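Q: Could we go through this model together, one feature at a time?

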Amino acid sequence: MSDHSRKYVVYGAGAVGGVIGGHLAMAGHETTLIARGEHLRRIQENGLRVDTGSGVHVIEAPATDTAAEVGWGNDKVCVLAVKSHQVLAALDDLAAHAPPNTPIFCATNGVATELAALRRFAHVYAVCVMLPSTHLQPGVVVAKCHPVPGILDLGRVPDGTDHLTGSVSADLRDSGFASMPRTDIVAWKYRKLLMNVGNGVDAACADGPAAEELARRAEAEGEAVIRAAGIPLVTAGQDKQRRGDILQRRDGAAPQGGSTWQSVTRETGSTEVDYLAGEIVLLGRLHGVPTPACELIQQVTNDLARRRAQPRSLDAADLLTRLPWPADESPRVLRS
């Protein structure tokens, strides 16, 4: 049962963090938002606008750009929701100002955030984020599913559950999310990683069969690498069963794109691709497994972001010609 005794600090109130923090606040949980730039200024002046299937809700919550201005105490829980490539700076800020016993719930794509957090904090939890959302305008976040905005299962790192996993999961359910504690949450996050290795394709390449093929090959590389590394991984069937029909896309909500596409669209100059396709590249190099598709996706997405080029401006068919074709498959001509 949710008792509202915990107070939440959402570090990174963008698409995911803004929707989580907004729903926690709407459910009556005391929530502080940490954001930056023009997004923060709009939140401070006009509140955070959370666009949902039930309307646009204005969240009047304390907002700042640093952990130094948070009134920390033993009742605070931190939801770390910045993108993976921004985590180290966020952890530096948190370690300088938050008590060392602060629980850190990592609501990020990829699998690197938890280990980085565990170097700085003793109580670290992983959140498997299934939360279609966008943040393209300062001061506004959009939940793309309704009536349940997302699935946020969680567990301790490296494994197990405790009283806090149950309590925070209850708070999330109280706030409208589907959530359950899991003893094997890292295995779920690795499955989610495989779903995200194609984020760079979504950001960089025009839609079409060639883009689908490039993403498929990247995911296949990921499966092979994770098996070679001996990392526990839930099956695609388990993931599909968990999702079921929970996440219903809102009528009229534009499909747009995922988190990496949003970074390129906002011309931020960087993305989290090094922790998605790049995570598979790292594991492949550590375990002697070739990952040419993931390497190419990582390279072209980083280049596109650095140049602040137009999203989806590359032809995936041209990229496929730069890759060796798998020995057990015949090359096909695929044009976007």
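Predicted model: local features only at pLDDT ≥ 70, side-chain atom pairs only at ≥ 80, totals over all residues.

A: Residues are numbered from 1 along each chain as its sequence is written, and side-chain values use heavy atoms, with hydrogens and water left out.

Q: How far apart are the end C-alpha atoms of helix 1?

A: They are 16 Å apart, which agrees with the 16 Å that its 12 residues, 15-26, should span at 1.5 Å a residue. The expected span is 1.5 Å times one less than the number of residues. Helices (H or I, at least four residues) and strands (E, at least two) are DSSP runs, numbered from the N terminus.

Q: How many residues of helix 1 are buried?

A: 10 of the 12 are buried, so helix 1 is largely enclosed by the rest of the structure. Buried means under 20% relative accessible area, exposed over 50%, and partly exposed in between (1.4 Å probe, protein chains only). Among the buried residues are A15, V16, I20 and L24.

Q: And what follows helix 1?

A: G28 does, with a positive phi near 95°.

Q: Changing topic, how many cavities of 30 Å³ or more are there?

A: The count comes to 1. On a 1 Å grid over the protein atoms alone, a cavity is a set of points where a 1.4 Å probe fits but cannot get out, and its lining residues have an atom within 4 Å of a point. Grid points are joined across faces, edges and corners, and a volume is the space filled by probe spheres set on the points. The largest cavity holds about 80 Å³.

Q: Which residues line the largest cavity?

A: Y8, I20, V79, F105, A107, V127, L152, L154, V168 and L172 do. Strand 11 (151-156) and helix 5 (163-174) are the elements that give two or more residues to this lining.

Q: Now R250: where is it?

A: R250 sits in the loop between helix 9 (236-243) and helix 10 (259-265).

Q: Is R250 buried or exposed?

A: R250 counts as buried because its relative accessibility is 19%. Not counting residues up to four places away in sequence, R250 touches D51, T52, G53, V142, A143, K144, C145 and H146, where contact means heavy atoms within 4.5 Å.

Q: Last one: where is A305, and what does A305 touch?

A: A305 lies in helix 12 (residues 292-306) and is buried, at 4% relative accessible area. With residues up to four places away in sequence left out, A305 touches G269, S270 and T271.

How values were computed
1 Å grid on protein atoms, 1.4 Å probe; cavity = no way out; pocket = protein on both sides within 12 Å on 5 of 7 lines; lining within 4 Å.
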